[in-house]
Protein chains: 2
Amino acid sequence: MTDLAPEQYRVLSIQSHMVSGYCGNKAATFPLQTLGYDVDVLNTVQFSNHTGYPSWTGERLDAAKVQQLFDGLETNGLDKEYTHVLTGYIGNVDILKTIENQVKKLKEKRPNLIFVCDPVMGDNGRLYVSPEIVPLYREILTVADVITPNQFETETLSGIKITDLASAKLAAMKLHEEGGAKRIVITTLTLPSDQVPTAVRSDNGKATLDQPQPLYCMTSQVSDDGSILQHLISFPTFEGYFTGTGDLFSAMTVARLQDYPHSLAHAIYKVVCTVNAITRLTWEHQRKNTRRAISGKPADPNNVHACELRLIQGRKHIEHPDMTSSTILMTDI
Amino acid sequence: MTDLAPEQYRVLSIQSHMVSGYCGNKAATFPLQTLGYDVDVLNTVQFSNHTGYPSWTGERLDAAKVQQLFDGLETNGLDKEYTHVLTGYIGNVDILKTIENQVKKLKEKRPNLIFVCDPVMGDNGRLYVSPEIVPLYREILTVADVITPNQFETETLSGIKITDLASAKLAAMKLHEEGGAKRIVITTLTLPSDQVPTAVRSDNGKATLDQPQPLYCMTSQVSDDGSILQHLISFPTFEGYFTGTGDLFSAMTVARLQDYPHSLAHAIYKVVCTVNAITRLTWEHQRKNTRRAISGKPADPNNVHACELRLIQGRKHIEHPDMTSSTILMTDI
């Protein structure tokens with residue numbers, strides 16, 4: 001893809017749509033557009049707001065309707081220019097299967113298309129999709145070029161429980177071997193602090209007010225000579241209620257891979273800088289606009305609203321993230 | 001609205017959505033977000049592409065489903081912060097009625113909400129919505145704060161045929177009197193060149209290659225003392241096939257009204273500078289990527305695609321339009 005000028009990148013992003021608030025396509029589209037990408041936006045649902053609110057209205061498309069949209073694009077030759085496909089939360093197994101088939105077709109037309117797949121299945125030890133989604137994502141790994149699972153999803157896909165750095169590295173290796181995706185990003189990883197290389201310890205293990213515990217992101221890349229390069233990135237966390245950060249992360253991954261086509265670690269370092277800055281902005285807004293720091297799902301819709309990602313207000317961090325933060329550190333592992 | 005910081009503006013934009021290409025909400029959302037506006041995006045349809053292509057797939061919502069989305073927003077208190085409502089092409093009379101009722105409710109909650117309504121009904125002497133839409137838009141004029149009809153729509157709403165500057169001024173006056181909207185923008189107006197004040201004649205009446213005929217935009221504003229201020233803006237036109245320029249125009253109107261709260265003419269001058277620059281970019285792209293200059297609906301979908309608005313690529317013209325063009329001129333009339 002590196003032979004193209006940025007303005008020739010064309011992403012098909014298949015995610016949910018909320019009238020109000022920022023997750024799914026509403027979290028992915030604006031950042032990519034801001035960086036000059038044409039984005040074709042296929043909305044698998046249209047809800048009034050995300051499902052972290054006490055209630056929501058709206059409709060989901062079924063697989064047949066998603067296929068009809070693909071067909072419309074194909075009939076008009078609009079799908080032949082896609083340089084990237086991006087997918088996020090797809091709760092429906094039939095839609096996911098439809099997407100898998102379509103991506104295979106798109107790759108036949110354009111073999112160097114990059115498929116960035118966020119295999120959203122669950123978090124914190126809990127699966128929130130139907131169990132039949134899991135084997136389907138294992139299958140999709142063979143089609144994906146870049147995957148962005150969190151720790152739980154990595155464990156679920158690899159069958160390896162991550163308890164330390166060694167098991168995290170092993171899980172990524174296994175996904176490379178079995179799945180085929182050459183670029184894997186474990187987006188959030190909790191590690192015992194004594195297991196973490198000194199190079200990425202910004203806080204000497206001490207938690208601070210806005211850093212209840214450091215979090216890590218791990219990249220694993222099969223390089224051209226077949227060797228595997230793995231890196232660990234540490235970043236501060238904020239105690240609060242956040243939605244859409246994962247969708248922002250995967251969208252920024254699409255863009256930064258083009259900035260650093262040969263180094264997944266450097267691409268993801270830049271992604272983390274943006275996502276962390278927007279998370280901080282959002283956290284500051286939450287603290288100002290909710291009665292107390294929120295963790296867990298807030299019951300009051302006004303509080304959920306106050307927790308929406310400050311994406312529009314954080315645009316400068318999308319365009320020009322501060323890459324010199326002393327609290328975002330990277331090392332090879 | 002001028003007491004708010006830009007980042008507190010919150011627009012509800014109710015328009016169509018295309019997976020691929022730029023019209024409806026895809027033409028309105030990115031420009032507003034780029035200028036710092038939070039936009040709640042309610043999609044009345046999701047089509048694969050716009051209906052200027054030989055074919056398209058996708059679905060329209062019905063009025064009940066639109067109402068459900070409004071209800072979801074209301075239940076979660078998400079609609080109480082809207083500073084603006086923006087509507088574009090709504091082909092369905094029931095949906096339009098639903099929107100009218102909802103805007104009335106929103107204005108009860110927040111009386112200074114600004115409703116920018118593009119009463120899309122037709123162009124070039126041809127109505128392309130069902131005739132029952134016309135009286136409904138006449139009714140909606142009493143709720144709208146700003147309307148952006150083209151020449152044909154102005155004629156249709158006012159019942160006055162526009163043949164010269166005097167009849168254009170009269171039509172706007174009649175809409176002020178009967179409709180109530182204090183700010184009217186006739187977005188495109190064809191005038192005999194000998195009727196046009198010298199101050200807005202950049203070409204001395206001569207058409208050039210990229211200026212087959214000059215076009216005009218007229219603003220009409222009821223000022224605080226009840227007097228009516230009217231201005232004429234001339235701008236170059238480009239021979240080609242354009243869709244979404246009207247949707248970009250009305251979205252930019254939302255933003256520029258905040259830059260110039262007391263002068264509709266100055267706000268719209270800035271809007272025209274952006275829309276014209278993006279039209280030029282699009283026209284240049286069309287000339288490069290289609291076999292010949294296209295006017296009228298192209299039969300080949302590749303050509304329609306090549307005519308899509310260069311919105312993402314023209315971002316700088318959204319942020320910082322060149323306001324010193326010698327071909328975009330304004331005068332009071």
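Me: Leaving aside neighbours within four places in sequence, which residues is Ile268(A) in contact with?
Reply: The model is predicted, so local features need pLDDT of at least 70 and side-chain atom pairs count only at pLDDT 80 or more, while totals for chains, interfaces and linings use all residues. Residues are numbered from 1 along each chain as its sequence is written, chains are lettered from A in the order in which they are written, and side-chain values use heavy atoms, without hydrogens and water. Contact means heavy atoms within 4.5 Å. With those neighbours set aside, the partners of Ile268(A) are Val185(A), Cys217(A), Thr219(A), Ile233(A), Phe249(A) and Thr253(A).

Me: How many residues does each chain bring to the contact?
Reply: Chain B contributes 51 residues to the contact. Chain A contributes 49 residues.

Me: How much area do chain A and chain B bury between them?
Reply: Buried area is the accessible area (1.4 Å probe) that two parts lose on being put together, summed over both. Carbon and sulfur atoms account for 46% of the area here. The total for chain A and chain B is about 4100 Å².

Me: How many salt bridges does the rule find across the interface of chain A and chain B?
Reply: A salt bridge places a side-chain nitrogen of Lys or Arg within 4 Å of a carboxyl oxygen of Asp or Glu. Glu59(A) and Lys65(B) meet in a salt bridge through their side chains, at 3.4 Å from N to O. Across the interface, the rule finds four salt bridges.
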